[in-house]
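Here is a short report on one protein model. It moves from a sheet to a helix, then to single residues and overall totals.

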Amino acid sequence: MRMRPFKLQRASMMADAIASVGIHALFNAEGHHWKNDGDSWAVGPALNKSHIEDYFQFIKLVAGRLATKWGHEEKEGMSVSALTDLSKYALDIGALTILGIDFDSLNNQGHQLANDIIELFRIIFMRTLSPVPYWKIPFCDNIIDGGRDVAKRVMDTFRDRVRDYRNCKQQKEDGKNEEKGQTRQEITKRTFLQKLVDISDGEDAKLEEERVVGNLAVLVFAGTDTTSTTLAVCLWEIANDPKLQEELNEEITESGIDDMENLTLSDVMNRFPRLHSLLFEVLRVKGPAPFLFFEPGEAFDFQGEVLKPGTILCVDRSLGDKAASEVPTGQSGQGPDHFFPHRWLTSRNMSGQRESLTVIQPSNRFGGYMAFGNGPRACPGAQLAIVEAITGLFCILQKFELAPIENHPSIRRVSRLTQTFDGEIQLTLKLRH
């Protein structure tokens with residue numbers, strides 16, 4: 001991984017598929033493009049803790065909607081379709097925090113942009129796996145997958161949001177804000193879009209509009225599938241482990257936070273060690289991206305073999321995590337090959353008080369914890385993803401006891417663009433009192 005992103009680059013099959021729908025961003029920048037285009041100096045700061053504080057209001061809003069929806073279904077004696085609803089949860093958070101658009105897809109099915117984003121994700125997956133780049137053949141892209149029209153609608157909408165905000169900024173600077181412009185300013189003033197544009201416009205090396213739009217798109221796409229799948233695995237583990245569920249609920253109860261309105265970002269980031277430990281272990285062993293695909297950017301020697309450009313390398317990310325010396329041993333000697341939800345917990349004795357649990361923060365240095373990558377290509381949205389996941393888990397476990405439906409069909413994990421389940425996760429809920 002020390003060779004990224006020059007000698008070792010993301011496999012072109014994925015990079016080409018993403019670029020084919022008009023997305024050019026930090027995610028698919030490699031080699032000199034990654035170095036020269038410089039998106040990282042703008043994208044990273046817009047996702048730091050101080051900015052996540054602004055996004056947190058949106059995360060709590062959507063988490064509350066999810067709990068309300070599940071509360072209605074519990075009252076009706078229905079099971080919940082966890083994987084489907086968690087996908088909507090992650091998509092709604094992405095649209096609000098990044099674009100300032102409220103899909104509310106948990107309660108509404110008819111938002112055109114939401115449907116287009118889901119469809120475009122499917123198209124990217126289809127193109128990534130295609131042995132032939134059919135989209136490069138005139139007219140074939142629309143005939144085979146409809147990608148040209150869908151991509152145009154999505155990217156045009158993203159582009160319009162960027163231009164609307166820049167126009168609004170200009171009107172404000174000119175002292176000519178109209179009522180419509182002020183309304184749009186209110187909509188976007190706390191979003192990633194606004195912050196990315198402001199950071200970019202404040203530098204000499206201003207990001208081109210194409211790259212601003214591309215980075216917005218990547219965050220919506222990447223955050224939706226990975227976060228929802230991770231949350232689904234967490235809930236599946238909790239629902240099938242009553243003792244773990246009891247421990248997590250006890251942790252939430254002992255926090256004294258009895259309402260989502262009183263939950264702060266500091267609480268989410270610095271409290272709930274058991275929730276964090278479960279999340280870290282799910283990401284380590286059962287995360288949404290177990291395999292990474294690379295190819296050489298230039299020929300290099302690897303264990304006596306010369307690897308040339310065009311050679312596809314499949315890297316099992318979990319092997320690094322399982323072998324890493326930074327992975328702590330479980331309390332009963334569980335090695336890194338085993339899934340152990342308490343692995344990242346440690347305790348300390350408080351003077352005059354009972355033992356206090358804390359969580360070990362995984363190290364993502366080279367050779368360490370790789371759930372979010374490491375080195376210069378580590379995921380800039382890692383902290384935001386963790387906040388979304390912990391907030392969602394807190395909101396659900398505070399209100400409900402979870403269990404799989406009786407005689408739940410067998411499910412297994414399958415690989416697509418990310419790793420997910422091959423069927424729906426159906427959970428029964430019992431309201432806590």
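Two strands pair if DSSP finds at least two bridges between them. Helices (H or I, at least four residues) and strands (E, at least two) are DSSP runs, numbered from the N terminus. The model is predicted: local features need pLDDT of at least 70, side-chain atom pairs count only at pLDDT 80 or more, and totals for chains, interfaces and linings use all residues. Residues are numbered from 1 along each chain as its sequence is written, and side-chain values use heavy atoms, with hydrogens and water left out.

## The sheet

Three strands form an open sheet in the order β2-β12-β9, and their pairing is antiparallel. The edges are β2 (80-81) and β9 (400-404). Each has a single partner strand, so one side of each lacks a neighbour in the sheet. Strands of a sheet pair through backbone hydrogen bonds, either parallel or antiparallel.

β9 and β12 (residues 426-431) are joined by five bridges and run antiparallel. Within this pair, Glu401 has Lys430 of β12 as its bridge partner. Helix α16 (residues 382-399) packs on the sheet and touches β9 and β12. Contact means heavy atoms within 4.5 Å. The direction of α16 makes about 95° with that of β9. Axes here are lines fitted to C-alpha atoms, for helices over the stretch in contact, and angles run from 0 to 180 degrees between N-to-C directions.

## Helix α8

Helix α8 covers residues 147-174, 28 residues in total. From first C-alpha to last it reaches 40 Å, close to the 40 Å expected at 1.5 Å a residue. That expected span is 1.5 Å times one less than the number of residues. Just after α8, Gly175 takes a positive phi of about 70°.

Which residues of α8 are buried? Buried means under 20% relative accessible area, exposed over 50%, partly exposed in between (1.4 Å probe, protein chains only). The buried residues of α8 include Val150, Val154, Phe158, Val162 and Tyr165.

## Single residues

Ser277 lies in helix α14 (residues 273-286). Its relative accessible area is 0%, so Ser277 is buried. Beyond its neighbours within four places in sequence, Ser277 is in contact with Pro341, His342, Arg343, Trp344, Leu345 and Val359.

Asp104 has a positive phi near 45° and is not a glycine. Asp104 sits in the loop between α5 (82-99) and α6 (112-129). Asn407 is another non-glycine with a positive phi, about 55°. The loop between β9 and β10 (413-415) holds Asn407.

| Residue | Relative accessible area | Class |
|---|---|---|
| Asp104 | 14% | buried |
| Cys140 | 22% | partly exposed |
| Cys379 | 37% | partly exposed |
| Asn407 | 70% | exposed |

The structure holds zero disulfides, a disulfide being a pair of cysteine sulfur atoms within 2.5 Å.

## Overall totals

The protein has 16 helices and twelve strands. Of its 433 residues, 48% are buried. Take the contacts between residues at least 6 apart in sequence: 69% of them join residues at least 24 apart. The accessible surface comes to about 20,500 Å², and 50% of it belongs to carbon and sulfur atoms. Accessible areas come from the Shrake-Rupley method with a 1.4 Å probe; for residues, only the protein chains shown count as cover.
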